Amino acid sequence: PHAPPALLADHLVKRYGSLKALDSVSFQASEGEAVGVVGPNGAGKTTLFGALAGTFPVNSGSIQFRGTEITGMSAQERNMMGIARTYQVPRPFRGMTIFENVLVALRAGGGAEGAVAVEQAAELLERTGLLPLANTPAGAVGLLDLKRLEVARALATRPQVILLDEIGGGLTEAELVKLIALIRGLSEAGLTIVWIEHILHALLKVVTRLVCMAEGRVLAEGDPQEVMADPAVRSAYFGAD
Ligand code: ATP
């Protein structure tokens, strides 16, 4: 018998008025897999993340986490079960230090208190390369470090699945190399990763499967090279004729 997938979404529909942001989207990520999600602006990628994370209810369809039905659960409940996400625009507590931001995330995640929390926060900073900036206010660090902080905050809830929403955006090539190393490390440690990214070359250094969405639907999925070579994908994603 196969283990159930880490995440399984079945025929998700999400409507905004007459617009179907998700028009019967089925999706799955196996345990420990790194999946990329691509597609042109407005394809429904961020809406898919919101549906998976429980940011809002879907109109129909179902979502399972490791075989457990989670469709009706709140974002908080899903987070407690093991689904974490990062946001396109990092929103740290800018007046707090990097260390304090991670502590807050640990506490909010119902995790450790006191000395144990301090130790876990230090581990998370170490893991994300933020230890040298522990005592720097979050408002004073650069974009790469804010992205690292997003990852550290997500990891604070000890997730099995992490949803990365365009985490590469705005970084220089040199910074991207560092971010990719961090994300590969998470993948190698066994975390299931679902990564929405416009920066394809970064995505393709990590993911082993690609899902391409357009207009609320899945256009193609599978081997990244094959998906990118798919004529429907090329026309939707690159606007080729
Ligand atoms: P991008 O790459 O630009 O982030 P995306 O693939 O993430 O795009 P979504 O943000 O999921 O796309 O949007 C899908 C569609 O749903 C778009 O047409 C968008 O305008 C619409 N949409 C998203 N959120 C809302 C909302 N809260 N209210 C109304 N329409 C929305």
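## Helix packing

Helix α5 crosses α6 with a right-handed sense (the near helix is turned clockwise from the far one by less than a right angle; helices are DSSP runs of H or I, at least four residues, numbered from the N terminus). This is a predicted model, with local features needing pLDDT of at least 70 and side-chain atom pairs pLDDT 80 or more, while totals for chains, interfaces and linings use all residues. Residue numbers start from 1 along each chain, and side-chain values use heavy atoms, leaving out hydrogens and water.

In α5 we're looking at residues 143-155, and in α6 at 173-188. Their axes sit 10 Å apart and the packing angle is about 15° (lines fitted to C-alpha atoms over the stretch in contact; angles run from 0 to 180 degrees between N-to-C directions). So α5 and α6 count as roughly parallel (under 35 degrees).

Over on α3, residues 98-108, the helix packs against α5 at about 30°, with 8 Å between the axes. That angle makes α3 and α5 roughly parallel too. The crossing of α3 and α5 is right-handed.

## Around the ligand

## Polar contacts and cover

Gly42 has a backbone N or O atom 2.9 Å from a ligand oxygen (a polar contact is a pair of N or O atoms within 3.5 Å). For Gly44, a polar backbone atom is 2.9 Å from an oxygen atom of the ligand. Glu166 uses its side chain instead, placing a polar atom 3.5 Å from a ligand oxygen. As for cover, the ligand on its own has 630 Å² of accessible area, and the protein covers 61% of that (Shrake-Rupley, 1.4 Å probe).

Definitions and conventions:
Polar contact = N/O pair within 3.5 Å; in protein donor to acceptor, adjacent residues only side chain to side chain. Helix = DSSP H or I, 4+ residues; strand = E, 2+ residues; numbered from the N terminus. Parallel < 35°, antiparallel > 145°, perpendicular 65-115°, else oblique.
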